[in-house]
Each structure stands twice: as structure tokens, then as C-alpha cells.
Amino acid sequence: MEKVKRKKIIIALAGLMTGALLYIGCQETKEVAGTGDAPQKVYVAPGTYDEFYAFMSGGFSGQLSVYGLPSGRLFKVIPVFSQNPETGYGYSEETKAMLQTSYGFVPWGDAHHPELSQTDGVPDGRWIFINENNTPRIARIDLKDFETAEIIEIPNSAGNHGSPFTTENSEYVVASTRFSVPIPEKDVPIASYKNDFKGTISFVKVDPKNGNMNVAFQILVPGYDYDLASAGKGPSHDWAFFTCYNSEEAHTLLEINASRKDKDFIAAVNWKLAEKYAAEGKGKTVKTLYYDNFVDPKTGIAHSDKRTEVKVLDPKDCPGMIYYLPTPKSPHGVNVDPSGEYIVAGGKLSTVIPVHSFSKMLSAIKNKQFDTTIDGIPVLKYDAVLAGEVKNPGLGPLHTEFDGKGYAYTTSFISSEVVKWQLGTWKVVDRHPTYYSPGHLMIPGGDSKKPFGKYLVALNKITKDRYLPTGPELCQSAQLFDISGDKMKLLLDFPTIGEPHYAQAIPASILMKNFEKIYRIEDNANPDAIKKEMDAKVVRKGNDVHVYMTTIRSHFAPDNIEGIKVGDNVYFHVTNLEQDWDTPHGFAIKGAENTELLIMPGQTRTILWKPLTAGVYPFYCSDFCSALHQEMQGYVRVSDKNSNVKISYGTGK
Amino acid sequence: MKERKNIKAVSAVFVIFTIAAFVFFIGGCGEKKDSSQTEISQQQSADVNTSSATTDAAGLTDWQIKHGIGPIKEELKLGPIDKKLAFKGKNIFDSKCAACHKLDERYVGPAQRDLIERRSPEYIMNMILNPAEMLEKNPEAKKMLAEYMTPMTNQNLTIDEARSVLEYFRLVDLAKK
């Protein structure tokens with residue numbers, strides 16, 4: 001009896017399973033991770049490409065990561081503000097100048113906001129910029145080779161947070177100070193904050209031909225905390241907008257002391273006029289020190305250019321250049337909509353999302369509808385500039401992007417959700433939880449004049465229980481939504497590196513037109529390059545020994561070197577003679593205290609090695625290059641200081 | 001014991017049912033494809049010579065077996081040796097080829113002095129310009145790979161550059177001991 005029962009039960013179970021499978025199979029998966037057809041929407045079949053490149057801030061790693069959308073696959077981490085021993089970035093003789101600052105050599109950074117260069121308000125795929133908060137800097141990454149091409153320091157700045165947002169044609173990228181400090185820096189009591197501390201808003205000019213950056217001018221502003229920025233577009237092309245909090249000018253326990261007032265400000269800067277004032281000599285030329293580090297495209301070598309002056313404009317001397325728009329309450333994000341008319345603020349302690357009107361702002365200026373003036377900056381009346389308020393946007397609204405179809409999407413940090421609302425009616429039309437605590441969000445082109453739309457990525461600060469635990473430290477996370485329909489659909493979670501403060505995305509087709517597969521060996525103007533294996537040599541100059549070495553699958557030339565002595569500074573100048581795509585070689589030598597090298601085809605990279613004891617040191621290729629990769633190795637013989645071993649070298653002898 | 005056997009048998013029924021369900025599942029609903037998925041082909045399609053009718057197992061024509069696959073699809077008209085061109089070819093050879101090829105000794109790849117006697121000019125150029133496909137398809141190139149084990153690399157020469165290297169090979173052959 002019992003057996004029969006069990007049999008029946010098992011058969012019934014099998015039947016049920018079958019039914020369930022059929023149901024799942026044909027009805028599509030229900031609300032498991034994403035919704036409905038989510039798996040198909042994010043599945044990028046083996047051997048096929050993603051539709052978008054997404055550039056995600058590496059946050060406190062100091063780097064910039066490159067992902068594919070919709071798959072969420074990680075392709076590359078571009079070293080920017082932090083040394084990267086994987087490639088030798090920031091260690092090799094060619095790249096270490098990139099991390100030089102007025103504070104000395106700074107091997108790390110806190111990267112925040114990636115920003116694609118734009119032409120006519122649309123991402124053009126030439127460069128991507130990213131700011132560093134701690135040691136105020138902006139980097140420019142060339143999207144031909146996905147490598148950092150330039151890092152410029154921002155003088156008279158502390159906490160370069162409101163950066164590096166671009167104007168419509170990347171005439172400028174901006175930089176505003178999160179921390180006000182004495183300008184110029186001096187030794188004063190912290191309690192003298194209200195008297196001595198100031199902020200600056202900097203405009204960094206971008207050369208349209210080669211991207212080279214130059215701090216064109218700075219605007220001296222009251223000592224508030226300037227947070228984020230967004231440049232105008234279309235009718236507001238000449239303007240840029242900067243949020244600030246701490247108009248209380250607190251210098252301690254800001255979480256309470258900087259949250260007292262009902263309203264802080266958005267600073268509206270007419271940069272066209274500021275540019276004109278600067279050209280007319282209205283600004284003061286102030287002595288300072290900052291570095292511009294850039295890669296010479298011919299040699300591939302980074303150089304540091306020390307700069308000692310900057311032009312500073314005081315609003316008191318420059319009427320019409322800057323206004324304050326009162327904005328509730330400790331506003332964080334500011335985002336100008338694709339039309340250039342609406343200026344959306346994320347008041348992180350506010351219960352509404354205030355939206356200012358650019359045209360109303362212009363008439364308020366014209367009609368002098370001012371509440372007061374602070375340090376030469378007229379404060380416009382709130383009601384005179386307000387277009388509308390989005391009610392019930394969730395708790396802690398932070399950042400907004402646009403889909404180009406009349407809708408805006410705002411992250412609400414405290415209530416962990418993305419809220420979709422309509423421009424003009426200010427009505428919330430959809431909301432979706434995120435997991436958890438989103439900061440920025442990103443829609444491809446969502447900060448531009450013509451958003452590419454289709455997807456939205458929420459960049460979450462907290463992952464808690466979403467992934468397999470990895471001890472106390474958990475990964476950061478992105479969540480991909482489909483926004484092509486009326487309702488947002490959650491498609492995919494994927495982990496990100498560092499803190500994904502902000503991101504940008506661009507159709508792959510735009511970048512794939514221009515990218516480089518190799519560096520042409522003919523164009524390699526590095527003075528330490530050798531372009532023929534027969535030119536490989538070892539040259540002693542006092543205690544310095546220069547090894548001019550080549551690599552090709554699968555050997556080094558020279559691969560046997562003798563005559564090195566303890567106490568020598570040995571420079572390995574390694575040129576990769578390969579001219580095919582995806583053929584880098586590595587160089588690693590036993591006991592190297594700094595780094596290995598990764599040398600791209602046609603490139604020359606130099607590592608300094610200081611052997612401490614006599615012996616024989618192997619070196620090898622550390623990037624699997626061919627079937628005979630394991631054979632790609634060599635030896636350096638190191639003799640005592642007083643030995644008579646002469647320099648000799650060779651390959652295959 | 002008996003009971004366990006029975007359970008095994010029932011389990012088998014269960015498994016069969018489950019498999020059947022899967023088969024049905026895959027057959028019935030597995031064909032879905034998202035048309036919105038943008039696929040960008042990452043393989044450049046290879047040019048295939050179709051001028052001759054006979055083909056081998058890899059689909060090569062007699063011409064392609066003898067003269068190689070690649071951008072050179074017709075017989076080259078070679079005049080008298082152009083020394084200036086050959087000198088240019090030497091420079092390129094020294095920079096981009098000599099790390100693996102010596103003239104008179106077997107190195108990473110074969111010695112090149114008598115290359116022009118072993119291979120047709122068209123084959124030489126196709127091997128320089130299109131090594132990956134040559135090594136995959138051309139029976140002569142495949143033999144060389146089996147012997148030398150290191151695949152010839154693509155050094156991204158232009159057709160003109162490859163032509164000058166060919167001229168260098170013609171010249172060095174004359175200087176044979």
C-alpha cells in the first residue's frame with residue numbers, strides 16, 4: 001500500500017514538474033530576477049558585441065571601468081589616477097609623470113564623474129573626462145586607444161567634486177569646489193571659516209583639435225560646498241549651473257549644522273560673459289602652482305608642465321556673470337533637460353524636486369527680481385525662477401537623467417528607487433525599487449541634447465544581500481533597466497569596481513569607427529625605442545645601464561645579459577615589434593620592486609630595476625602571447641660591485 | 001532491498017518524465033530570438049578567389065593552393081629587379097621580419113635567402129599580408145606551421161610594403177653563394 005502510494009506521489013510529482021517546466025518555458029520567467037523577457041534582453045550571444053559602451057567611475061579605486069550594455073560585461077579598467085602594476089601605469093618611466101602634482105607624486109585618487117566630450121550637445125566619442133576629488137584634478141582619456149592622455153590639476157581647489165561636466169561643444173569642462181578653503185592657502189584658525197574660506201568655480205578650456213586642457217579662469221565664490229554641475233544647452237548654451245549646500249558656512253558637524261536653512265543655491269554662471277571678462281582683463285592673475293601632465297602622442301611619453309598662474313574673476317567686478325537660484329534643501333544633483341529650458345535640482349533633504357525655468361530666470365534677471373546680494377552675487381526670487389515642483393518623488397532625490405521623450409528619471413537615495421516623471425506636468429508616472437541606495441543614474445546620452453535612451457543604469461551604493469558575500473567588504477553594483485516602454489523593467493544586476501559614482505554610455509558604433517588596433521612602429525618616436533631586433537644593445541653609462549630590448553612572439557632580444565653589477569640602475573627599454581591586434585607582451589624580472597610592464601604592439605615602455613645581490617635573474621613575458629610563451633624568457637647575470645665581468649649580451653648565441 | 005529497487009524504478013520514471021518535459025520545452029519554445037538585439041559581426045569576411053573551378057577540401061582553388069589566399073589574386077608582373085625598391089624592402093624586413101627570419105639560417109621561421117625559388121611571388125605576398133588565413137587554409141602554409149610551430153604574425157604591411165619586401169627577396173637570391 002505504502003509503496004503504491006509513494007509511486008503515485010512520485011509520478012504525480014513528475015507530472016507536476018513537467019507542467020511547471022512547460023509553464024515556465026512558454027509563459028516566460030516570472031519576476032525571478034528581472035521581469036518577463038529580461039534574460040533575452042541582456043543576453044549577448046558568444047562572439048557578438050554589446051550595443052553600448054558604458055564607462056563607469058572606478059570611485060575610490062581612482063580608475064575608469066569599461067562595460068558593455070546590455071550584458072554588463074567588464075572589458076577593461078583604464079588606469080587613470082592610481083598606479084596600476086598590471087600594466088606599469090604610473091610606474092614606468094614613460095607614464096609616471098602622469099601622477100605628478102603640486103603635492104608631489106600622488107599614486108592614488110578618488111575618481112567620480114565620467115563625462116563624454118560633446119559636439120552640438122551630443123556625445124561624439126573623442127574623449128572622456130573624469131574628475132578626481134581628493135587632489136583636485138581632471139583627466140582626459142583618449143577613446144582611440146582607451147588610455148589616459150592628460151591629467152590637469154585644478155589650483156585653488158579642495159574636493160574637486162562638481163566636475164568635469166562639459167559645455168555643449170566641450171568648449172569647457174567645469175570644476176567646482178566641494179570644500180571651501182583659504183584662497184590662497186594660508187595658516188589660519190579653522191574657526192575663521194566665515195572670513196577666510198572661499199570656493200572656486202573653474203572653467204577648463206579644451207582644445208578642439210587635440211583635447212589639451214588649460215585652466216582658462218576661475219570664479220571666486222562664497223565659502224559654501226559646491227557639489228555638482230550641469231552645463232546648459234540650446235537656449236541656455238552660454239550658461240552652466242552649480243549646486244551648493246552649506247550656505248550656513250559650517251565647519252564642524254555639517255550633518256546638522258549645514259542642514260539648518262530651508263534653501264541653499266544653484267549658482268547660474270554665464271560662462272560666455274565670464275570668458276569675455278577674462279579676455280578684457282577683469283580678472284586678477286593669481287600666483288599658484290599646479291601641474292598639467294600629458295602624453296606626447298609621438299613618443300608615448302608623459303611630461304609634466306608646471307604652471308604658476310591662474311586668472312581669478314571676482315563677481316563683484318563682473319556684473320551679470322553669476323546669480324544664485326534659491327533651491328531647497330541642500331541640493332545635490334543638478335541636471336539640465338535636453339531642451340535646455342529646465343534645470344532640475346535634487347534636494348537631498350527636500351520633499352519635492354524643484355525644477356527651475358531658464359527662460360523665467362532670464363526675465364527675473366531682466367526685472368531684477370532679487371531677494372538679496374551675497375558677495376556680488378544677486379539671489380533671484382524662488383517663485384520667479386521656479387517652473388514647477390515634482391511632488392512625492394521619494395525620499396532623498398539626488399540625480400536626474402532624461403530619455404528624450406519628455407520624461408525624467410530621478411534616483412531617490414533614502415527610499416531606494418528610481419522615479420519616472422513627466423517634464424511640464426511634473427507628475428510621477430512610474431517608480432521602481434533599486435537594491436539599494438542609488439546615487440547617480442545613467443541613461444545613454446541622458447545628460448545630452450539627444451538621449452539615446454533605451455536603457456537606464458542605477459548606480460547603487462549598497463548591495464547588502466544581492467550577491468554572494470565576500471566578507472565584510474561587498475561589491476558595488478549597477479542595475480540595468482529597460483526604459484523603452486511606459487514602465488521601467490528591471491533587467492539585470494551586475495557588480496562594479498570602486499564606487500560607481502556616475503557613468504556615461506555611448507553607442508558602440510560611434511567608438512568602433514575610430515579605435516586603434518596597434519601603435520604603428522614607424523610612428524614610435526620614443527628616443528629609447530629600437531625598431532629592429534639587430535639594434536638591440538646594452539649600454540653602460542657609469543652606474544646606469546640601459547638595455548634596449550625588443551619583443552616578438554616568442555623571444556626577447558637580447559635574452560642573455562651579463563656585466564650588470566650590484567648597485568647599478570638598470571633601465572629596460574622594451575619595444576614590442578609586433579604589429580598585429582591583441583599582441584601585447586609582458587616583461588617581468590625577478591626582484592623588481594616596482595612593477596611589471598605590459599607593452600602594446602609598436603610601443604616602448606621602460607622599467608627601472610635595481611638588483612641588490614649578485615646572482616642570475618630570470619625575466620619572462622608575463623602576458624600569454626603564443627604557443628611558445630613559456631619559452632619567452634631570459635637571464636641577467638649580476639656580479640659584485642668590483643667584478644671584472646664586461647657587458648655582453650645576445651640572443652640565440 | 002526490494003523497496004529500494006522499486007524506488008529506483010519509480011525514480012527512472014520521474015527522470016524520463018523530466019527529460020521528456022525538457023525536450024518538449026526546448027523544441028516548443030526554444031526558438032525565441034530577440035530581434036532588438038544588435039549584433040555586430042566581429043569577423044571580417046575573408047575574400048575568396050573564385051576564378052578557378054577546381055577546389056580542394058578547404059574550398060581552395062588550384063591557384064590559391066599555389067599562390068596563396070589574400071589580397072593578391074592575380075599573377076604579378078615583375079620587371080627587372082628594382083634595387084631602390086629592394087633597399088626599401090630590406091629596411092622593412094629588418095624592422096618587421098628579421099626578429100624571426102634570417103637569410104641563411106633556420107631561426108624562429110625558415111631561412112629566406114632562397115624563398116623566391118621555393119614560392120611564387122604571389123604566395124610570398126599573400127603570406128606576408130594574410131598570414132592567419134593562410135595558416136588556417138593553405139596546405140603549404142599549414143605544413144610550415146606544423147614544422148616550425150610558431151605561427152607567422154601579421155605585421156600589418158601595406159601591399160606596397162609587401163611588394164618591396166618581395167623585391168628584397170628577389171635581390172638576395174641573386175647574391176647566393
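Strand β36 (residues 537–541) of chain A runs antiparallel to β37(A), and five bridges join the two. Helices (H or I, at least four residues) and strands (E, at least two) are DSSP runs, numbered from the N terminus, and two strands pair if DSSP finds at least two bridges between them. Within this pair, Val538(A) is opposite Val547(A) of β37(A). The two strands make a hairpin with two residues between them, and Gly542(A) in the turn has a positive phi of about 65°.

The model is predicted: local features need pLDDT of at least 70 and side-chain atom pairs count only at pLDDT 80 or more, while totals for chains, interfaces and linings use all residues. Residues are numbered from 1 along each chain as its sequence is written, and chains are lettered from A and ligands numbered from 1 in the order in which they are written.

Phe55(A) has Gln504(A) in β35(A) as its bridge partner. Strand β35 (residues 503–507) is mostly covered, with four of its five residues buried. A residue is buried if 20 or more other C-beta atoms lie within 10 Å of its own, exposed if 12 or fewer, and partly exposed in between, with C-beta atoms placed from the backbone.

| Site | Feature | Angle |
|---|---|---|
| Arg553(A) to Ser554(A) | cis peptide bond | omega near 5° |
| Ala557(A) to Pro558(A) | cis peptide bond | omega near -5° |
| Asp375(A) | positive phi, not a glycine | phi of about 45° |
| Asn392(A) | positive phi, not a glycine | phi near 55° |

Ser554(A) is placed in the loop between β37 (544–552) and β38 (555–557), and Pro558(A) in the loop between β38 and β39 (560–565). Asp375(A) belongs to the loop between β24 (370–374) and β25 (377–380). Asp375(A) is partly exposed, with 13 other C-beta atoms within 10 Å. Asn392(A) sits in the loop between β26 (386–391) and β27 (397–402) and, with 13 C-beta neighbours inside 10 Å, is also partly exposed.

Chain A is divided into domain 1 (55–512) and domain 2 (526–650), with bounds that come from an automatic or database domain assignment. The C-alpha centres of the two domains lie 43 Å apart. Their contact takes 11 residues from domain 1 and 13 residues from domain 2, where two residues are in contact if their C-beta atoms, placed from the backbone, lie within 7 Å. On the domain 1 side, the residues divide into three nonpolar, five polar and three charged. Here Ala, Val, Leu, Ile, Met, Phe, Trp, Tyr, Cys and Pro count as nonpolar, Asp, Glu, Lys and Arg as charged, and the others, Gly among them, as polar.

Chain B has eight helices and zero strands. Of its 177 residues, 28% are buried. Among its contacts with a separation of 6 or more, 70% come from residues 24 or more positions apart. In helix α3 (residues 83–97) of chain B, the buried residues include Ala86(B), Gly89(B), Ile92(B), Phe93(B) and Lys96(B). Helix α8 (159–174) of chain B is part of what covers the buried residues of α3(B).
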